[in-house]
Amino acid sequence: MSKKSFGIAGGSIVVVIITAVYMITASGSKSKSSSSPAGEDRVLKNAYNDYFSIGAAINGHTIEGPDSILLMKHFNSVTPENALKPGPVHPEEGTYSWGRADRIVNFALRHQMRIHGHVLVWHEQAADWMFTTGGRPATKEELLGRMKEHIFTVVQRYKGKIGAWDVVNEAVADNGPDIFRHNIWYDICGEDYVKQAFIYAHEADPQAKLYYNDYNIIRPDKRERAYELLKSLLYEGVQVDGVGIQGHWSIYEPSEKELRDAITRFSSLGLDVQITELDMSVYKWEKDRRDKRVGESDDLTPGREAQQVAQYDMIFKTLRDYKDKIDAVTLWGVTDRSSWLNYSPVRGRKNYPLLFDREGKPKKAFYKVVDF
Ligand code: XIL
């Protein structure tokens, strides 16, 4: 499969020759360790050409440093990891800081990559000034007015360049019974803030695909709360095009059934599905920040590595089954070195969640994902 689409997607004689050389050399040795030169010929985005786009979350340093080579070779979509969040991009009232976002957008356009905008409304990395007026809490009208101005300014700046937006991030509660997370947006505006964000985003760019994005929504309880939220938005006639299943997973979850059930459930609403922030921790999921404990191992043991290979294999196999529902799968970073999981939620604990190791070499999991 990968060889077939590699040839088709590459299309050039050079690619055909390289592929032929690979096939000849590979026939002498079937083993594909991460140091195998044969691995050089595998290209993630080509292997998935007939399935879905393959994205990576990127920062300024990704496009300026060595990771840019991997990015251009293996990915055909990018998500700015931090540059477009309200805090970084709109640090003060009337002040926008476009430098980093512009560089990322220009890079992606130069290299014919899709751009997924992240994120217009979130309670973290927020533009905190929005929530107060002269030392008192903002009123609902003030906050929604600021939200509208923010959404219009950001979305219209990149109109025609950024085709899809995470409009609202993480509005659903981790635990029941309420659907909504009680965050600062909710405290000031109540449930309306989610709906209003989608309305403003649609007004700002009627062509853009609008996503609701959240984590742990493959877990059945939270999945159902997200489902109810999306169903009621659609029922009210609000333009929502898709759901972003973040995909901050681990070698322990999700199960295949959870993944299938979530994709089926969300797409039953007529929504596109994306896996927007895929990474696979080698530790159990934790929410709260803490320091690494004395004696806590952070080695990539053979056991953890084997579980990761099996889990990546299961996940991509399953996602391929739903290629008609899934528009893009985005990894949250390029190499293990640059992953946020090295400092979050546990400070000082190394993690190994992506498909390329700290030196930028393809990992065993990479080969499982591209060879099918
Ligand atoms: C993370 C980034 O990866 C980090 O660099 C940053 O310090 C914190 O945010 N859910 C999201 C992403 O929607 O924006 C978060 O990204 C990870 C969790």
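**Before you start**

Residues are numbered from 1 along each chain as its sequence is written, and side-chain values use heavy atoms, with hydrogens and water left out. In this predicted model, local features need pLDDT of at least 70 and side-chain atom pairs count only at pLDDT 80 or more, while totals for chains, interfaces and linings use all residues.

**Stop 1: the core**

Select Trp 165 and Tyr 193. Of the 104 residues in the largest nonpolar core, these two touch the most other members. A nonpolar core here is a set of buried Ala, Val, Leu, Ile, Met, Phe, Trp, Tyr and Cys residues joined through side-chain atoms within 4.5 Å. Buried means under 20% relative accessible area, exposed over 50%, and partly exposed in between (1.4 Å probe, protein chains only). Next, colour helix H10, residues 192-204; this helix gives the most to the core, with 7 residues. Helices (H or I, at least four residues) and strands (E, at least two) are DSSP runs, numbered from the N terminus. In soluble globular proteins, nonpolar side chains tend to be buried together.

Stay on Tyr 193 and show its surroundings. Leaving out residues up to four places away in sequence, Tyr 193 touches Val 121, Leu 144, Met 147, Val 168, Ala 171, Asn 183, Trp 185 and Tyr 186. Contact means heavy atoms within 4.5 Å.

**Stop 2**

Select Asn 59, in the loop between strand S1 (53-58) and helix H4 (60-64). Is Asn 59 buried or exposed? Its relative accessibility is 12%, so Asn 59 counts as buried. Show its polar contacts. The Asn 59 side chain pairs with the side chain of Glu 81 at 3.0 Å and with the side chain of Asn 82 at 3.4 Å. A polar contact is a pair of N or O atoms within 3.5 Å; within protein, one must be able to donate a hydrogen and the other to accept it, and residues adjacent in sequence count only if both atoms are side-chain atoms. Not counting residues up to four places away in sequence, Asn 59 touches Glu 81, Asn 82 and Ile 104.

The whole structure has 2 cavities of 30 Å³ or more. Select its lining: Ala 57, Asn 59, His 61, Thr 62, Glu 81, Gly 333, Val 334 and Ser 338. By class, that lining has 2 nonpolar, 5 polar and 1 charged residues. Ala, Val, Leu, Ile, Met, Phe, Trp, Tyr, Cys and Pro count as nonpolar, Asp, Glu, Lys and Arg as charged, and the others, Gly among them, as polar.

On a 1 Å grid over the protein atoms alone, a cavity is a set of points where a 1.4 Å probe fits but cannot get out, and a pocket is an open set with protein on both sides within 12 Å along at least five of seven lines; lining residues have an atom within 4 Å of a point. Grid points are joined across faces, edges and corners, and a volume is the space filled by probe spheres set on the points.

**Stop 3: the largest pocket**

Select Glu 124, Lys 287, Arg 289, Trp 340 and Ser 344. Among the 31 residues lining the largest pocket, these lie nearest its centre. Strand S9 (248-250) and strand S10 (272-281) are the elements giving two or more residues to this lining. S10 gives the most, with 3 residues. The pocket holds about 630 Å³. Its lining divides into 10 nonpolar, 9 polar and 12 charged residues.

**Stop 4: Asp 371**

Go to Asp 371, in the segment after helix H14 (364-370). Asp 371 is partly exposed, with a relative accessible area of 24%. Its side chain makes a polar contact with the side chain of Arg 42 at 2.5 Å.

**Stop 5**

Most residues other than glycine have a negative phi, and most peptide bonds are trans. Select His 118 and Val 119, joined by a cis peptide bond with omega about 5°. Val 119 sits in strand S3 (residues 114-121). Then select Gly 176 and Pro 177, where the peptide bond is also cis, with omega near 5°.

Finish on Asn 216. Its phi is positive, near 55°, although Asn 216 is not a glycine. Asn 216 lies in the loop between strand S7 (209-214) and helix H11 (220-235), and is buried at 7% relative accessible area.
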